[in-house]
Amino acid sequence: MRYFRACLRKIRRLIKPFEWLIKLLNGDVAPKTLLILAICSPVLILLLVTCLESMLSGFSFTNDLIELLFLIDLLRTGIDNFATFIGLILMLKFQTMSSTFVCTIQGAAIFFLAFGIGMWAIHFMAFFWSKWKLHRKRSWPADIPLPGVSIIKPLVGEDPHLASNLETFFTINYPKFEILFCVQDNNDPAINVVDKLMEKYPTVDARLFKGGEKVGINPKINNMQPAYISMKHELILISDSGIRMKEDTLLDMVCHMDDKTGLVHQMPFTCDRQGFPAILEKVYFGTSHARIYLAADLVGINCPTGMSALMRKKLLDEASRFRVGGIKAFGCFLAEDYFFAKSITDRGWKITISSQPAWQNSGYCDIQSFQSRISRWAKLRFAMVPPTILAEPFSECMVLGICVAFATRVLLRWDPIVVFLIHLLTWCIMDWFLLRSVQNGNIPFTKFEFVLAWLFREASAPFLFIHSLMFPNIRWRQGYYRLQWGGRVEEIAPKVKL
Ligand SMILES: CCCCCCCC/C=C\CCCCCCCC(=O)N[C@@H](CO[C@@H]1OC[C@@H](O)[C@H](O)[C@H]1O)[C@H](O)/C=C/CCCCCCCCCCCCC
Ligand SMILES: O=c1ccn([C@@H]2O[C@H](COP(=O)(O)OP(=O)(O)O)[C@@H](O)[C@H]2O)c(=O)[nH]1
């Protein structure tokens with residue numbers, strides 16, 4: 001026993017210098033420390049690139065190798081990429097410097113360069129699509145009456161903005177709609193807020209459903225189920241508690257629901273709020289998130305989030321692939337939004353984003369909850385669409401920057417540090433333009449604040465990625481869940497590491 005304790009003490013002493021890293025991976029580092037770390041990260045990464053580069057040129061054969069790489073037909077080795085990767089693995093395993101090594105390095109370089117070019121194409125696609133799709137008014141044919149919409153609002157608890165956010169639903173300018181508020185707990189403080197609003201706006205068709213119904217694991221579905229079965233209209237808008245509406249938001253969404261469209265979703269974005277965490281959220285949703293979201297919408301990849309999604313009710317009712325109809329058929333998944341969309345596109349219907357982004361305006365805004373939310377979403381994506389585990393790190397600015405710097409060094413003999421810095425700068429500038437396009441108005445912070453938040457986000461992304469992989473279980477509000485491959489979920493005891 002004494003020996004065991006001594007060992008433990010020794011191990012603790014050994015890992016003490018790395019405690020910050022463990023804390024970082026757990027997401028429980030003070031925001032200030034994270035900020036300092038994020039600002040220092042580019043410097044650290046540059047150091048890493050420099051080391052990598054000097055390691056490469058340290059090998060006696062490097063110069064010859066690079067000359068050789070110049071001469072080899074890029075196209076042919078490009079096709080042989082897969083083989084060259086196997087070569088890399090073999091080389092690492094057997095430590096032999098063979099011709100496979102030459103091919104491997106070159107193959108990896110070509111792969112990284114191609115990925116880099118792909119990501120730059122995504123930048124341009126997203127910017128183009130933001131200009132084409134967002135903030136463009138659509139109209140509804142004058143001779144066709146507007147369809148009725150049942151708005152379902154699942155609520156859990158109260159935050160300082162809840163009342164004002166919910167009030168925007170009572171002032172929507174749309175001829176035929178009802179609002180169905182749902183709370184799962186009979187003592188939920190949101191009940192009071194909803195009651196007051198229903199009193200204030202007696203002419204608006206609004207109802208409150210308490211207690212939910214346990215039809216699956218997903219608590220949001222359980223919460224919404226009673227409202228779903230008693231909704232009156234043909235269109236259903238599921239709208240999360242933190243969303244704010246403008247007077248014409250619902251009309252805008254309905255105008256996108258043409259004959260071939262089964263689902264219209266809003267691209268997540270945020271309202272203007274004070275403080276660094278709010279800037280960080282806006283920068284994330286207006287740059288990194290918007291880029292993939294818009295590009296995916298442009299090429300028709302299913303990636304809607306369910307925070308504000310308008311659907312045809314009949315499509316949910318007849319979700320035949322899932323045997324039972326209605327939203328309860330999706331209760332076995334935590335990311336019900338992804339599976340709603342999948343079941344709709346599987347039957348040949350289109351999904352599209354509306355021209356107004358979703359104005360998230362949660363009353364609580366701090367770095368830790370932002371990061372755990374982003375990490376929760378990443379865990380869902382990894383389980384539902386496993387290839388994202390491979391694609392996501394390379395789609396991040398910092399990681400891709402290192403890879404592209406390496407690739408251009410090997411293939412073109414460019415200075416990796418210069419390439420990395422140019423990559424960082426142009427990525428940041430492209431992101432600024434995308435953010436401005438999504439915001440479509442004054443950005444409520446300075447360019448300096450943007451750069452700080454952007455650096456912080458980009459530099460912390462790889463850590464969040466590792467954290468999400470290492471701790472795949474999920475905590476969502478009061479619930480704890482274990483994800484299975486494919487996206488099904490089971491409830492677990494709350495004592496697990498998340
Ligand atoms: C050279 C090519 C490179 C391609 C690189 C692609 C790398 C992909 C990188 C990032 C993927 C980002 C996905 C975008 C948004 C997803 C946000 C999200 O994860 N939301 C999930 C959670 O939502 C909440 O879940 C609980 C629910 O109750 C709430 O209401 C929800 O808001 C959501 O469940 C996930 C949905 C979609 C996941 C799709 C993943 C596939 C993405 C592939 C994108 C590839 C784009 C390529 C474009 C050309
Ligand atoms: O146990 C839960 C968890 C969430 N929700 C609702 O689901 C929506 C999305 O929740 P959250 O904002 O936590 O999800 P995120 O957008 O962070 O994924 C909100 O309207 C919540 O009120 C719910 O009804 N029950």
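Q: How are the axes and angles of helices defined here?
A: Axes are lines fitted to C-alpha atoms, for helices over the stretch in contact, and angles run from 0 to 180 degrees between N-to-C directions. Helices are DSSP runs (H or I, at least four residues), numbered from the N terminus. This is a predicted model, in which local features need pLDDT of at least 70 and side-chain atom pairs count only at pLDDT 80 or more, while totals for chains, interfaces and linings use all residues. Residues are numbered from 1 along each chain as its sequence is written, and side-chain values use heavy atoms, with hydrogens and water left out.

Q: At what angle do helix 13 and helix 19 cross?
A: The axes of helix 13 (residues 288-299) and helix 19 (residues 416-439) cross at roughly 70° and come within 9 Å. The two helices are therefore roughly perpendicular (65 to 115 degrees).

Q: Which residues make the contact?
A: Helix 13 contributes Ala290, Arg291 and Leu294, and helix 19 contributes Trp427, Asp431, Leu434 and Val438; contact means heavy atoms within 4.5 Å.

Q: Is helix 13 mostly covered or exposed?
A: Mostly covered, as nine of its 12 residues are buried (under 20% relative accessible area, 1.4 Å probe, protein chains only). Among them are His289, Tyr293 and Asp297.

Q: Turning to the largest nonpolar core, which residues touch the most other members?
A: Val149 and Leu250 do, out of 78 residues; such a core is a set of buried Ala, Val, Leu, Ile, Met, Phe, Trp, Tyr and Cys residues joined through side-chain atoms within 4.5 Å. Helix 19 gives the most to this core, with nine residues.

Conventions. Chains lettered and ligands numbered in written order. Parallel < 35°, antiparallel > 145°, perpendicular 65-115°, else oblique. Buried < 20%, exposed > 50% of the residue type's maximum accessible area, 1.4 Å probe, protein only.
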